[in-house]
Amino acid sequence: MMNNPEASEHEQNHANWIHNVQKVICSTTLQSADWHNSTLLKGDIITKINELKQQDGEDIVILGSPRLAHYLMAPQLIDSIKLTVSPFVVGSVLPVFKNFSQSLKLMSSETFSTGALSLHYGIINKA
């Protein structure tokens, strides 16, 4: 998309962001992470994510990986959830809140001209 002359400005900006942002890839099968500006995490992901959360910097974002999100929900490593709900259905998907035992508080919402919704939930941890 970065070099696609037919891409919209939004698509080009998003592609540039994805290319330049620091990426952490959690995998049990990959041997290396060749994607620009990426690091591969293997082994004890919970400890490694906890260590990342203690570092200064931007928020950690999980893009398009419900299995990783589910895995990080159990030890309460997720502080908030941002969902984009689109007005169409594509095949079968994993449930978003599988085995989730924390309460959510809607922090903000936005409706886009396409009919999609952006929902930002804060997580209220149970003691």
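These legends describe close-up views of a predicted model.

**View 1. Strand 1 pairs with strand 2.** Strand 1 covers residues 23–26, and strand 2 covers residues 38–41. The two run parallel and share four bridges.

View 2. K23 and I25 lie on the covered face. V24 and C26 make up the uncovered face.

**View 3. A lysine charge sits over a tryptophan ring.** The charged end of K23 is placed over the ring of W35. It lies 5.0 Å from the ring centre. Aromatic pairs are another matter: the whole structure holds zero of them.

**View 4. N37 takes a positive phi.** N37 is not a glycine, yet its phi is about 60 degrees. N37 lies in the loop between strand 1 and strand 2. Its relative accessibility is 31%, so N37 counts as partly exposed; the buried class would need a value under 20%, and the exposed class one over 50%.

**View 5. Q76 also has a positive phi.** The phi of Q76 is near 55 degrees, and Q76 is a residue other than glycine. The loop that holds Q76 runs between helix 3 (66–73) and strand 3 (80–85). Q76 has 30% relative accessibility and therefore counts as partly exposed.

**View 6. Helix 3 packs through its buried residues.** A69, H70, L72 and M73 are buried in helix 3. The buried residues of this helix pack against two elements, helix 2 (45–54) and strand 3. An α-helix has 3.6 residues a turn, so residues three or four places apart point the same way. A69 and M73 are among the buried residues of helix 3.

**View 7. Strand 4 meets strand 5.** Strand 5 spans residues 117–124. Strand 4 and strand 5 run antiparallel and are joined by eight bridges. One of the pairings links T111 to L117 of strand 5.

Notes:
Residues numbered from 1 in each chain as written. Predicted model: local features only at pLDDT ≥ 70, side-chain atom pairs only at ≥ 80, totals over all residues. Heavy atoms only, no water. Buried < 20%, exposed > 50% of the residue type's maximum accessible area, 1.4 Å probe, protein only. Phe/Tyr/Trp six-rings, centres within 6.5 Å; stacked < 30°, edge-to-face > 60°. Lys NZ or Arg CZ within 6 Å of the ring centre and 35° of its normal. Contact = heavy atoms within 4.5 Å. Pairing = 2+ DSSP bridges.
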